[in-house]
Amino acid sequence: MKILCIGHASYDTTIPMCGFLEENTKLRIDTKFECGGGPACNAAYLLGKWGVDTCFIGVVGNDKYGNYIKKELDEVGVDTRYMRILDGYETTSSIIFANVESGTRTIVSYRPGEAEKMKMIDLDFEPDIILVDGHEFELSKNMIEKYPEAISIMDAGRVTEDNLRLASLIDYVVCSKEFAETVTTSELNENTYEEVFKKMKETFTKNIVITVEDKGCLYEKENQVKVMPGIEVKTVDSTGAGDIFHGAFTYGISKNWNLEDILKFSNVTAGLSVTKIGSRNSIFSYDEIKKKYDELK
């Protein structure tokens with residue numbers, strides 16, 4: 001089983017705070033967390049850490065941040081041969097202020113100029129699963145069309161014309177609450193779950209999952225819209241929780257689990273992640289997740 005992850009890579013610096021920034025003040029910190037980030041990149045890291053044969057494709061600069069991201073992926077066994085490492089290009093970086101009291105975070109991203117895109121490439125393997133996050137439209141579309149037997153999954157976070165076109169080709173559209181609200185022009189809450197989900201089905205005819213943050217996720221079973229509840233935890237930093245959900249979801253697909261078991265496992269994985277600071281730092285081992293999952297069954 002070979003998984004291909006295509007998308008965005010960045011370098012994150014997370015600063016934990018009690019409360020949030022006040023304008024025109026000076027602060028001194030003694031703790032920060034640094035690691036790679038990006039939706040498909042974080043998912044690839046999780047899959048590699050959990051022992052799955054995974055390849056990541058994305059663009060970074062030939063700089064300190066880009067080389068660090070590659071090193072992180074290499075250390076968990078992710079295939080990075082097809083990453084594009086460019087001279088004269090700065091790797092996207094983010095500063096994340098995590099309010100550990102409320103569990104919310106504010107992200108400031110630095111991306112100079114237009115983001116570089118991947119060129120078309122020839123792989124020396126055939127992927128069984130393709131996970132995309134929408135940041136590499138042309139390459140993602142090309143790979144999905146080139147390998148029609150591969151199961152395709154999309155981490156759908158932003159609504160753009162390209163992302164809508166890409167989602168129409170995907171087997172599993174696993175989207176954020178914001179994505180669903182924008183596509184359907186409807187507010188998503190407990191009173192509108194069924195209405196919004198059905199509108200999404202009118203646009204994307206295959207499998208749909210809508211994540212609804214700490215409430216869990218929406219899915220369909222036997223033509224009924226259902227809620228798979230999240231787990232109750234104390235949130236200190238929600239950074240990367242969605243990426244981690246998608247990584248665990250992809251893992252479950254690779255193991256041919258049924259959808260409800262996949263969603264339960266993904267909720268546990270994402271739920272535990274918010275109890276730690278930083279995205280990669282909050283990816284628990286498979287054994288730790290399995291233990292918590294079994295406790296909740």
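The model is predicted. The protein has 9 helices and 14 strands. Its radius of gyration is 18 Å, close to the 19 Å that the globule rule gives for 297 residues, so the protein is as compact as a globular protein of that length.

**Overall shape and surface**

- The C-alpha atoms fill a box of roughly 55 × 45 × 40 Å along the principal axes.
- Of the 297 residues, 53% are buried.
- Take the contacts between residues at least 6 apart in sequence: 65% of them join residues at least 24 apart.

**Helix 6**

- Helix 6 spans residues 193–203, and its buried residues are Tyr193, Val196, Phe197 and Met200.
- These four cover an arc of only 100° around the axis, which puts them on the same side of helix 6.
- An α-helix has 3.6 residues a turn, so residues three or four places apart point the same way.
- The cover over the buried residues of helix 6 includes helix 5 (177–184) and strand 11 (172–175).
- Strand 12 (207–211), strand 13 (217–221) and strand 14 (224–228) are also among the covering elements.

**Cysteines**

- The count of disulfides is 0, with a cut-off of 2.5 Å between cysteine sulfur atoms.
- For Cys18, the nearest cysteine sulfur is that of Cys35, 20 Å away.
- Cys18 is exposed, at 64% relative accessible area.
- For Cys175, the nearest cysteine sulfur belongs to Cys217, 11 Å away.
- Cys175 is buried, at 0% relative accessible area.

Definitions and conventions. Residues are numbered from 1 along each chain as its sequence is written. This is a predicted model: local features need pLDDT of at least 70, side-chain atom pairs count only at pLDDT 80 or more; totals for chains, interfaces and linings use all residues. Side-chain values use heavy atoms; hydrogens and water are left out. Buried means under 20% relative accessible area, exposed over 50%, partly exposed in between (1.4 Å probe, protein chains only). Helices (H or I, at least four residues) and strands (E, at least two) are DSSP runs, numbered from the N terminus. The arc is that of the directions from the helix axis to the C-beta atoms. Contact means heavy atoms within 4.5 Å. The radius of gyration is taken over C-alpha atoms; the globule rule is 2.2 Å times the number of residues to the power 0.38.
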